[in-house]
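Please keep the sequence and the model in view while reading.

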Amino acid sequence: MAALRGEPVDRVPVSLWLHNFATENSAETLAGETVRLARRFDWDFLKPQSRAQCFAEMWGLRYAPSNERATQYTVTHAPLATAADVRRLEPADEGSGALGEQLRALAMIRKAVGPDTPIIWTVFSPLMILPFLLAGGRAQAVALMRSDPTAVDHALAAMVVTLAGYARKAVESGADGLFYATNMATRELSSAEECRRFQRPYDLSILHGVDSAPFNLLHVCGRACSSTSSSTIRRRR
């Protein structure tokens, strides 16, 4: 936390996160694996690796979980196929279902590691979640942004209600801030104008709710970065 404040430190703070697909399928196994790694390596802060699909599960994504450490889940049902489907998306209860399970994992991790280890908690941008819900993935999401932008706006606004509430509950449950992720804010997928419309306002609606948290981190994933490269965006108190 001294490093985040720009104060002198005795060493560079170090952490690491990675997918273990076999342990992401329940609150108990996610918490157990996170705590195991924390105790084994004595990380300076923790970024528990929530399963990537947990957000889309709130709006109907179905999948077959993996029991193998390095093998991803398999999608069995993508709930949205058309622009009309996208227009029907409504907010979900952030304290239930897959997100409620994630909050239980956070509470277990915080209890196990105590109050002094910083934890940043994963939240995906609404625009990152949308391709998980569409049968055509990112390509269909980009096409809809250009052919039916009002439908996309409706879906993103519905997701913001859920994600903003989830972000606040995560901080209330013991997180020191967010690991806020997007993989759509790249020149390959979005123009600057599209980012201003579909990315920035919805992201800020979520981030403003936790801007007093001491440790918020922005993860912008694209072709030129690995899945773990990121940059801090914390606002000093």
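Does Cys221 count as buried, partly exposed or exposed? At 21% relative accessibility, Cys221 counts as partly exposed, because buried means under 20% relative accessible area, exposed means over 50%, and partly exposed lies in between (1.4 Å probe, protein chains only). Cys54, by contrast, has a relative accessible area of 0% and is buried.

This is a predicted model, in which local features need pLDDT of at least 70 and side-chain atom pairs count only at pLDDT 80 or more, while totals for chains, interfaces and linings use all residues. Residues are numbered from 1 along each chain as its sequence is written, and side-chain values use heavy atoms, with hydrogens and water left out.

The structure holds 0 disulfides, a disulfide being a pair of cysteine sulfur atoms within 2.5 Å. Cys54 is in no disulfide, and the nearest cysteine sulfur, that of Cys221, lies 16 Å away.

Charged side chains come next. Side chains of opposite charge can pair when their charged atoms come close. A salt bridge is taken as a side-chain nitrogen of Lys or Arg within 4 Å of a carboxyl oxygen of Asp or Glu. By this rule the model has 13 salt bridges.

One of them joins the side chains of Glu7 and Arg5, with an N to O distance of 3.1 Å. Glu7 is partly exposed at a relative accessible area of 37%, and Arg5 is likewise partly exposed at 42%.

Another salt bridge pairs Arg11 with Asp44, whose closest N and O atoms are 2.5 Å apart. This pair links distant parts of the chain: Arg11 sits in the segment before α1 (27-41) and Asp44 in the loop between α1 and α2 (54-57), 33 residues apart. Helices such as these are DSSP runs (H or I, at least four residues), as are strands (E, at least two), and both are numbered from the N terminus. Arg11 is partly exposed, with 47% relative accessibility, and Asp44 is partly exposed at 22%.

Where does Arg110 find its partner Asp176? The two form a salt bridge with the closest N and O atoms 2.9 Å apart. Arg110 is in helix α4 (residues 97-113), whereas Asp176 is in the loop between α7 (149-172) and β4 (177-182), so that the pair links distant parts of the chain, 66 residues apart. Both Arg110 and Asp176 are buried.
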